[in-house]
There are 4 protein chains.
Amino acid sequence: MSISVAVAGASGYAGGELLRLLSTHPELNVMTVTAFSNAGQRLIDVQPHLRSLAHLELQPTEPSVLAGHDVVFFALPHGRSGALTAELGPDILVVDCGADHRLTSEADWATFYGGDYFGAWDYGLPELLHSSGGTQRQVLAGSKRIAVPGCNVTAITLALAPGIRSSLIDAEDIVAVLAVGPSGAGKSLSVNLLASEMLGSASAYAVGGTHRHTPEIAQNLKVAGANAVSVSFTPVLVPMSRGILATSTAKLADGVTAAQVREAWETAYQDEPFVHLLPEGAFPRTADTVGANTALIGLAIDEAARRVVVVSAIDNLVKGTAGAAIQSTNIALGLDETLGLALDGVAP
Amino acid sequence: MSISVAVAGASGYAGGELLRLLSTHPELNVMTVTAFSNAGQRLIDVQPHLRSLAHLELQPTEPSVLAGHDVVFFALPHGRSGALTAELGPDILVVDCGADHRLTSEADWATFYGGDYFGAWDYGLPELLHSSGGTQRQVLAGSKRIAVPGCNVTAITLALAPGIRSSLIDAEDIVAVLAVGPSGAGKSLSVNLLASEMLGSASAYAVGGTHRHTPEIAQNLKVAGANAVSVSFTPVLVPMSRGILATSTAKLADGVTAAQVREAWETAYQDEPFVHLLPEGAFPRTADTVGANTALIGLAIDEAARRVVVVSAIDNLVKGTAGAAIQSTNIALGLDETLGLALDGVAP
Amino acid sequence: MSISVAVAGASGYAGGELLRLLSTHPELNVMTVTAFSNAGQRLIDVQPHLRSLAHLELQPTEPSVLAGHDVVFFALPHGRSGALTAELGPDILVVDCGADHRLTSEADWATFYGGDYFGAWDYGLPELLHSSGGTQRQVLAGSKRIAVPGCNVTAITLALAPGIRSSLIDAEDIVAVLAVGPSGAGKSLSVNLLASEMLGSASAYAVGGTHRHTPEIAQNLKVAGANAVSVSFTPVLVPMSRGILATSTAKLADGVTAAQVREAWETAYQDEPFVHLLPEGAFPRTADTVGANTALIGLAIDEAARRVVVVSAIDNLVKGTAGAAIQSTNIALGLDETLGLALDGVAP
Amino acid sequence: MSISVAVAGASGYAGGELLRLLSTHPELNVMTVTAFSNAGQRLIDVQPHLRSLAHLELQPTEPSVLAGHDVVFFALPHGRSGALTAELGPDILVVDCGADHRLTSEADWATFYGGDYFGAWDYGLPELLHSSGGTQRQVLAGSKRIAVPGCNVTAITLALAPGIRSSLIDAEDIVAVLAVGPSGAGKSLSVNLLASEMLGSASAYAVGGTHRHTPEIAQNLKVAGANAVSVSFTPVLVPMSRGILATSTAKLADGVTAAQVREAWETAYQDEPFVHLLPEGAFPRTADTVGANTALIGLAIDEAARRVVVVSAIDNLVKGTAGAAIQSTNIALGLDETLGLALDGVAP
């Protein structure tokens, strides 16, 4: 089996990470890479870390260039996917790393993004717990249109879904604060993303519930069983290039014990290849997930505050973006879900 | 007026920062520096950044060495202050940067620290709001025994006290997550504080309400007017040497408006020299406080979650430790409160 | 005495650092700050760390705005100083932090910068050794036009000038490699200065003798006594916001001993307030100079290679730019040379 | 073919990286991991990033534990390899990542290391050019005892060997300055390796020709054709966990042209899988090699100084240690040289 792949938006960070992972994938073969302003350049001049793909040249991001592949990955700015997809055939598997097809509510789309709404695709978080008992994996099998989750959303959803599904925590008083690296913001040229500004400094942004990932978190937790969701979510930029460390807390339901909590999380993830619950008293470092598709979860009960505190670590470019895309693609194509994806982080 | 000063524990980070600030103080004169294992060495060999104090030699940390000064600063491991102070006269102003005399509740001391309890001293957070309407400044005037607050505690207390005093927020569902640099942990030789471990990584510790600063936060918010306090507090180590960025959130009381909230915080801090509320939509960076005694506060209302989200930034070694010590000393001695303290951060 | 000051280019890093230092200067009073595109904004919105100057508003960078002050500092892009200065009176002390007036050779200017040449001003490195035995201080006393050195140039010149003046080292086979932080490049929006690109990475630039600071190094070493100079100089960007650590090496002249070398450096700097030779076996860290006007120098002899290896550390924005400007201004105005300048670094 | 592997010293950084790479190697199977003080612990508790090896337990580092494997990797402190190897059979391939068997000169060993000398093994730098025209690969084929090079040595040797072999540069006036991350120093608990000390700071160590890697550099360049070697080598610690950026310079021989230089380097490395010469004007970043066995080389001629300046980037733990070990093992065993080794760096 030889599966041909195109990556649109190959000059950015998400595109670069897709290519880094795909270059070791035994079944998916990158044939085409495209860009907007960088079209015409050699990939290696724009992504100097991708030595194994030094033979590729960036082509323009146009339907005619993308058509003819078995799988097309989009790593594009928001709003670009809809029109391009319309010109690709229904048999091509299209995997969008942007936000365009994540939200099932057009109203949420209008509030948090705006512009034309192109509808929700199959949501690419295989481990997402369904209240029914299964996972999102079932939805992804055979899919032809996949929307990769937002990176912050993945960190929070994986942290809290087990408690939601098992009704151990209150979905209406969730607080999550995330330490995030700047690569999630892409190669944007803005002063606050300069190394001089970020080195030795931490700062919050999108404070007060304005972050676009907010409705997507609620959407996921409802899939896991919540009736109503209230989440106060604040991202904090810290000086590490990659990584998300999410501290997510929720009120415990009355009478819930620490043992019940640990059992719920253990049950949820015991068979997951990429999501690992750490032993009691252990909490993850983002370094342990760098370059890997792994999510690490540490769990504690704050008895005085009657809250569960869940610390989850992922690499925002892997489990948070490119790794999730490839994992979902593997499932959609009926391949071994773990192909092309590392478990071990590049640490120290 | 010439006021003589001794700094005990001069070889650590807190001691070093005290000395850096004191070296520019126009009224306080450092005569003596002491250490435990480093006694006998030149200060400059242990603190190579303190060029202006290159003439000083580290002496042993003994009462006979410390006595005879007008002011003695302790930057010692927890548990050392009580015995030393017993041998210093009542006229010496003793300022303890450790935890020994912060907690008014012996039960809290026993739970979170343990060992002999030596009683609470005057609490060295001048801007701490009293429910009565005044501030902690009144308590500090003329004091001879001052306990400097914990650095995390200062960041959270300053963030939330205005809402507590004005009854706009609920003290029983507070969540605070802090991005903190490793210098708060001192020069401890432990693997998790190695540069190889921390560079490019974030990690949480003392998760689940076990951090020793927890009861001190509650103590302060009660001074500000809370009846009962529940705070879920998680510190996250991030790769910056100094700085705390605290994201503190609390439920809004029913019917409270954004305008009321902003007014309460503005009123609380409008005359403070070192605590500054940023304009609407602006949030602080820790870099803006490096080396300065400044606390910067950004404020937002998350209407959907009905929470106030307060982001506060301080330098843990200055406003969080050594600056607070000197500010409190200035007040205790009747000096201008701002002497020897910078307002402007060393950025970028 | 009240000396009025204007800072042109106040929205950049060099301008910001000038203002941070000037705000604590007892004799110089900042009356006016100017900018190009940011004119009309409040200074505090562009430089949020400068709380003590929150009352200032950025005005346009025009001669009419700058005239009428006793001292005008330029922190402008190269090529802007000449035309502006032509419209300021000869009695105003003008201090240029840019490159426009550093080079005495118009040919070097044409080769490394290009554009109109406006002539050299008095060179603002007070400690520069003259072959005659004095220092640059004598030239600066009473000066009305001062050109502040390039930051890399200062680090290398201070490292090697003692050996040149005493004829202990060969000026024709100098190699210098500098670890530098990105703030030296200013607030430029270029991809390679993004935090995502720099965090966890080191890279060289201007490799092969193309860096514009090259002729300025040679110029200085000739002032110190060299007949001919050959310097291979490579800057390496590393992930720290501030700081230069220069490793400068030169061949020892025949028969020179380690004792002679140490004595030459000791003699050169023993009375300098801001340049400090470390004891044998000790080498500086850039952290020890952060925020300070201090240059630290460590010295070793590599007997096998018959080279002196000099490691020098400065803060590129202080001793490398703004501190040098103020130190030179103090001298020009007949003030105490150390006013407004810290000796102690902000470490850790 | 199933090849069994033991890794001795699995709790340190070099051991951890060996295991990370080996876990993806299709032919080498890690059966046993050993440690000294950590023996008895689960590997995952000491190396939390190695999720794929969570089933392994650390055993004591004893000959009886190591014997019975086809390949044994040593990632031990210096001086441990000799005695252990004496008890392993001659058919076991032993690969030592320490310094014990690198130096062919017992006198150099005595000068730079001291203690018992156990003789040189086959040197594990496959790309090392031999003056005869071949490479070190020929020596490694079929080898049973391999000494992995020092990480700094690899960076400098690869940078300069092409010029030495082709007699284009002078081996007697080499200067190399390296920006290095702290992981090369291992998990040592020393104050100068603490994150608080290193964040935001650069510092040099082993200045003046005292670094233990110095004789090994000379040894390699002699293999490449130098008669006599003089190298002044200074490592500079910078705040990135991994990576070496070496700036190596040497005098050009009389009459040598830029074109000759470029051709020599191109010829040397055009067929190498892991060593890549960048195009004219391009220079490497360490980030582009993180996690990969790749060495990137940028080349410039400084005509004024008549020096070649070579900038080389490697990951000190991969091409500098564990990757070199596995690459050499592949060659020794007759496997494809690139098995288990990534070409693409984990960037940004």
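Mentor: A charge is said to sit over a ring if NZ of Lys or CZ of Arg is within 6 Å of the ring centre and within 35 degrees of the ring normal. This is a predicted model, in which local features need pLDDT of at least 70 and side-chain atom pairs count only at pLDDT 80 or more, while totals for chains, interfaces and linings use all residues. Residues are numbered from 1 along each chain as its sequence is written, chains are lettered from A in the order in which they are written, and side-chain values use heavy atoms, with hydrogens and water left out.

Trainee: What makes the charged end of B:R80 count as sitting over the ring of B:F36?

Mentor: The charged end of B:R80 is 4.3 Å from the centre of the B:F36 ring and is placed over that ring. The charged end of B:R145 likewise sits over the ring of B:W121, at 5.9 Å from its centre.

Trainee: Why is the aromatic pair of A:W109 and A:Y117 called tilted?

Mentor: Rings of Phe, Tyr and Trp (its six-membered ring) pair if their centres lie within 6.5 Å, and planes under 30 degrees apart count as stacked, over 60 as edge-to-face and the rest as tilted. By this rule there are eight aromatic pairs over all chains. A:W109 and A:Y117 have 6.1 Å centre to centre and 45° between the planes, so the pair is tilted. The pair D:W109 and D:Y113, at 4.7 Å and 15°, is stacked.

Trainee: How do you know whether A:W109 and A:Y117 are buried or partly exposed?

Mentor: Buried means under 20% relative accessible area, exposed over 50%, and partly exposed in between (1.4 Å probe, protein chains only). A:W109 has 4% and is therefore buried, whereas A:Y117, at 22%, counts as partly exposed.

Trainee: What makes the meeting of D:R285 and C:E197 a salt bridge?

Mentor: The term requires a side-chain nitrogen of Lys or Arg within 4 Å of a carboxyl oxygen of Asp or Glu, and the side chains of D:R285 and C:E197 meet at 2.3 Å, N to O. Between chain D and chain C the count is four salt bridges.
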